[in-house]
Amino acid sequence: MDSSEQVGRAVKQLAAQVYSGLHGSGLRVEPVVELACLMEEYGLSGSAVREILERRTAELGPADVVRLGRELLELMDFEPGFDLEPGWWATLETAAKVVEGDLRASGIEGALGITMPDWDDSGCARVEFRGACGSPPIWPSSGKDIGVALAEVADATQDEVMEVTWMVWPTCPEHRLGLHADLVEGTAVWQCAGGGTHVAARIGELGGSSRRRDVRPST
Ligand SMILES: [Zn+2]
């Protein structure tokens, strides 16, 4: 590991500390100042970094610390992982249960879950279907919103099912085309491109209880 890698790792660790301070027990000034120093060293400068380095630590009140801590995280595009936001992982698992219901409704057997394979150190989640997990990575922040989580997990599941079974899944009963997962007005749906775009079913309502809902403009 060279020295810039070491600084990069220290920046990430401090950023995680600042994030949990902001979202939990409260943020102290020390990690914020330390993070600003390291960011400067790493070449990640910005107005928040300069403000922290120019002002005396004793001058920074609690409101300044919170504001500057947030600004530093924004400046470095900090993305919390599942270790800092375990609830996001739980949301992805819930989404996998819902999508598994769609698999069953189509008569497809096999366990569906969320995993982090050993070979992947990106911190992303993957869908695991019948033990295979080669579908595209799912970023932790997808677990912030159940609609986004459903659409992402459904999309990755479709990929994985295709890879494992060589089947196009799911398909539109009306047009026999492959559906694709999408978010329509905040709701996760299976969409079909046939006959003008239409929603075949909400994700989780494939088969039995699904109703065809047309989203074409009514001109
Ligand atoms: Zn269709």
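This is a predicted model: local features need pLDDT of at least 70, side-chain atom pairs count only at pLDDT 80 or more; totals for chains, interfaces and linings use all residues.
Local features need pLDDT of at least 70 and side-chain atom pairs count only at pLDDT 80 or more, while totals for chains, interfaces and linings use all residues. Residues are numbered from 1 along each chain as its sequence is written.

Reader: Are helices α1 and α4 parallel, antiparallel, perpendicular or oblique to each other?
Author: Helices are DSSP runs of H or I with at least four residues, and strands are E runs of at least two, numbered from the N terminus. Axes are lines fitted to C-alpha atoms over the stretch in contact, with angles from 0 to 180 degrees between N-to-C directions. Helix α1 (residues 3-22) and helix α4 (residues 62-75) pack at about 135°, axes 10 Å apart. Angles under 35 degrees count as roughly parallel, over 145 as roughly antiparallel, 65 to 115 as roughly perpendicular and the rest as oblique, so α1 and α4 are oblique.

Reader: Which residues of α4 make the contact with α1?
Author: Contact requires C-beta atoms, placed from the backbone, within 7 Å. From α1 come A15, V18, Y19, G21 and L22. From α4 come V66, G69, R70, L72 and L73.

Reader: Where is the cis peptide bond, and what is its omega?
Author: Most peptide bonds are trans. P170 is found in the loop between α6 and β3 (180-184). The cis bond joins W169 and P170, with omega of about -15°.

Reader: Is R176, with its positive phi, buried or exposed?
Author: Most residues other than glycine have a negative phi. R176 is not a glycine, yet its phi is about 60°. R176 lies in the loop between α6 and β3. It has 10 other C-beta atoms within 10 Å, so R176 is exposed.

Reader: What is the phi of E185?
Author: E185 sits in the loop between β3 and β4. With 7 C-beta neighbours inside 10 Å, E185 counts as exposed. Although not a glycine, E185 has a positive phi of about 50°.

Terms used: Two residues are in contact if their C-beta atoms, placed from the backbone, lie within 7 Å. A residue is buried if 20 or more other C-beta atoms lie within 10 Å of its own, exposed if 12 or fewer, and partly exposed in between; C-beta atoms are placed from the backbone.
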